[in-house]
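Trainee: Could we go through this structure together, one question at a time? I would like to see how each answer is reached.

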Amino acid sequence: MSNSLDWQDFPAPAKLNLFLHVVGRRSDGYHLLQSVFQLIDLADTISLRVNEGGEIQHLNPLPGVPAESDLTVRAARLLQKETGCSKGVDIRVEKRLPMGGGVGGGSSDAATVMLALNRLWQLNLPRSRLMELGLSLGADVPFFIFGESAFVEGIGEIMTPVATPDVDFVVLHPQVHVSTPQIFSDPDLTRNTPPIKVPHLSSAITQNDLEYVACKNHPEIRENITWLSQYADARMTGSGSCVFASFSSPNEANRVIYDLPKNMTGYVARSLSKHPLHEFAEF
């Protein structure tokens, strides 16, 4: 098998849900959401090496995750099938984003593979088509392909770009894995938060509607929120388990991490206005 390129590294950044409201439920059972998704510079690294033989291989699959079901492999195969591309790719993933943390790690990895291969395989698919394809892999994948902070509605497929402030975040990772389906099926979940319109975002009172149920099932999440709330307004992202708070300077955020108890895990991350690979696709 001949290689046409050496290994190239691409970032797969995390996202935070600055808030997450459940505003209704469709007849098919899917929940209708409103959220602001914020990209941050905490990221996995996706290493890709194009080959001319058409093979798609994941060379360091996660323990317990068969390579065939890994989102990065599925993303590459989906693009290959969609375009009839004869090239293949070898994939390595350096994981930094916690699985089951509500920061979109697997979805971001898949989006980075699609954006990078769009360029490396010279496919030139428009962003809108990549987003459509990405939705079949997961509800968060289109956001990472969209590639900028957004007000997200529907089941996660309707996006409006919004400006968010440049801030530093402290992100804590309670060592628990939260089941998203379990949270959304919990009878205690609030499903009727009044919808917000974009012009009123800055003045709206917001929260994460999933937080109460997640904390009920996983007390460690509540413990992390309570500790971080000493320094700033803290809340959970997505369906958990990570929690976060924003700070106006890296020094402030780093001081909080310095105080972190030994039994907690945390990071400092900077907000991103655009995905690092945003230019790899055009609308």
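Trainee: Which residue in strand 5 does V36 stand opposite?

Mentor: This is a predicted model, in which local features need pLDDT of at least 70 and side-chain atom pairs count only at pLDDT 80 or more, while totals for chains, interfaces and linings use all residues. Residues are numbered from 1 along each chain as its sequence is written, and side-chain values use heavy atoms, with hydrogens and water left out. Strands here are DSSP runs (E, at least two residues), numbered from the N terminus, and two of them pair if DSSP finds at least two bridges between them. Strand 2 and strand 5 (residues 150-154) pair in the antiparallel sense over five bridges, and there the residue opposite V36 is F151.

Trainee: How many bridges join strand 1 to strand 2?

Mentor: Strand 1 and strand 2 form a hairpin with five residues between them, and G29 in that turn has a positive phi of about 95°. Within the pairing, P11 has T45 of strand 2 as its bridge partner. The two strands run antiparallel, and the number of bridges joining them is 16.

Trainee: How many of the 21 residues of strand 2 are buried?

Mentor: Buried means under 20% relative accessible area, whereas exposed means over 50% and partly exposed lies in between, using a 1.4 Å probe and protein chains only. Strand 2 also pairs with strand 4 (residues 88-94) over seven antiparallel bridges, and with strand 10 (residues 266-272) over two. The strand, residues 31-51, is mostly covered, and its count of buried residues is 18.

Trainee: Why is the pair of F169 and F244 called edge-to-face?

Mentor: Rings of Phe, Tyr and Trp (its six-membered ring) pair if their centres lie within 6.5 Å, and planes under 30 degrees apart count as stacked, over 60 as edge-to-face and the rest as tilted. The structure holds five aromatic pairs. In the pair of F169 and F244 the ring centres are 5.9 Å apart, and the pair is edge-to-face because the planes lie at 75°.

Conventions: Helix = DSSP H or I, 4+ residues; strand = E, 2+ residues; numbered from the N terminus.
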